[in-house]
Amino acid sequence: MASITGAQIMLAARGTSAVMIGLLGTAMGVSTLVGSLLANKLVDMVPTGRLIAGALALFAVSQMPLLFVQSYAAILICQILAGLPFPALNAGLLGFLYGKTPDNMQGRASAVFETTVGILGAIVPAAVG
């Protein structure tokens, strides 16, 4: 969640209170929880390719207002909207990955995937800072 980390760093640099920054993370967590309740039905109803493309499109569209407005309210709303598609995106991507990977190779596939994501997750805050 590089976008939320970047938003938190920007808000901290502006002197925003820790409570408000924490509220941003809480709101994102709640929206992701709501998205997880919807993901089960979406995975059953929507083909995997369309699900992945739609979730990524919703994420991109939800972040676009931040190109023009950097108010706390805009960041909060954009992050809430960004959190909704992530459980369905994870289910689609990981379900496809593990569905296509032979059983004896799933540990290796998981290691490669998680390492790649972990590296990106470590680099983004450093780049933003």
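Me: Rings of Phe, Tyr and Trp (its six-membered ring) pair if their centres lie within 6.5 Å, and planes under 30 degrees apart are stacked, over 60 edge-to-face, the rest tilted. How many aromatic pairs does that rule give?

Reply: The count is 1 aromatic pair. The ring centres of Phe59 and Phe86 are 5.3 Å apart and the planes stand at 70°, so this pair is edge-to-face. It links distant parts of the chain, with Phe59 in helix 3 (residues 48-63) and Phe86 in helix 5 (residues 86-100), 27 residues apart.

Me: What should I know about the model and numbering?

Reply: This is a predicted model, where local features need pLDDT of at least 70 and side-chain atom pairs pLDDT 80 or more, while totals for chains, interfaces and linings use all residues. Residues are numbered from 1 along each chain as its sequence is written, and side-chain values use heavy atoms, without hydrogens and water.

Me: Are those two Phe residues buried or exposed?

Reply: Buried means under 20% relative accessible area, exposed over 50%, partly exposed in between (1.4 Å probe, protein chains only). Phe86 has 19% relative accessibility, so it counts as buried. Phe59, at 24%, is partly exposed.

Me: How far is Leu11 from Ile52?

Reply: They are 30 Å apart in space, C-alpha to C-alpha, and 41 residues apart in sequence. Ile52 is in helix 3 and is buried, at 16% relative accessible area.

Me: Other topic: which residues form the nonpolar surface patch?

Reply: Val30, Val34, Leu38 and Leu42, with about 300 Å² of accessible area together (Shrake-Rupley, 1.4 Å probe; for residues, only the protein chains shown count as cover). Patch residues have over 30% relative accessible area and no salt bridge, with nonpolar side chains (Val, Leu, Ile, Met, Phe, Trp, Tyr) joined within 5 Å and like charges within 9 Å. A salt bridge is a side-chain nitrogen of Lys or Arg within 4 Å of a carboxyl oxygen of Asp or Glu.

Me: Where is Val30?

Reply: In helix 2 (residues 18-45). Val30 is partly exposed, with a relative accessible area of 46%.

Technical notes. Helix = DSSP H or I, 4+ residues; strand = E, 2+ residues; numbered from the N terminus.
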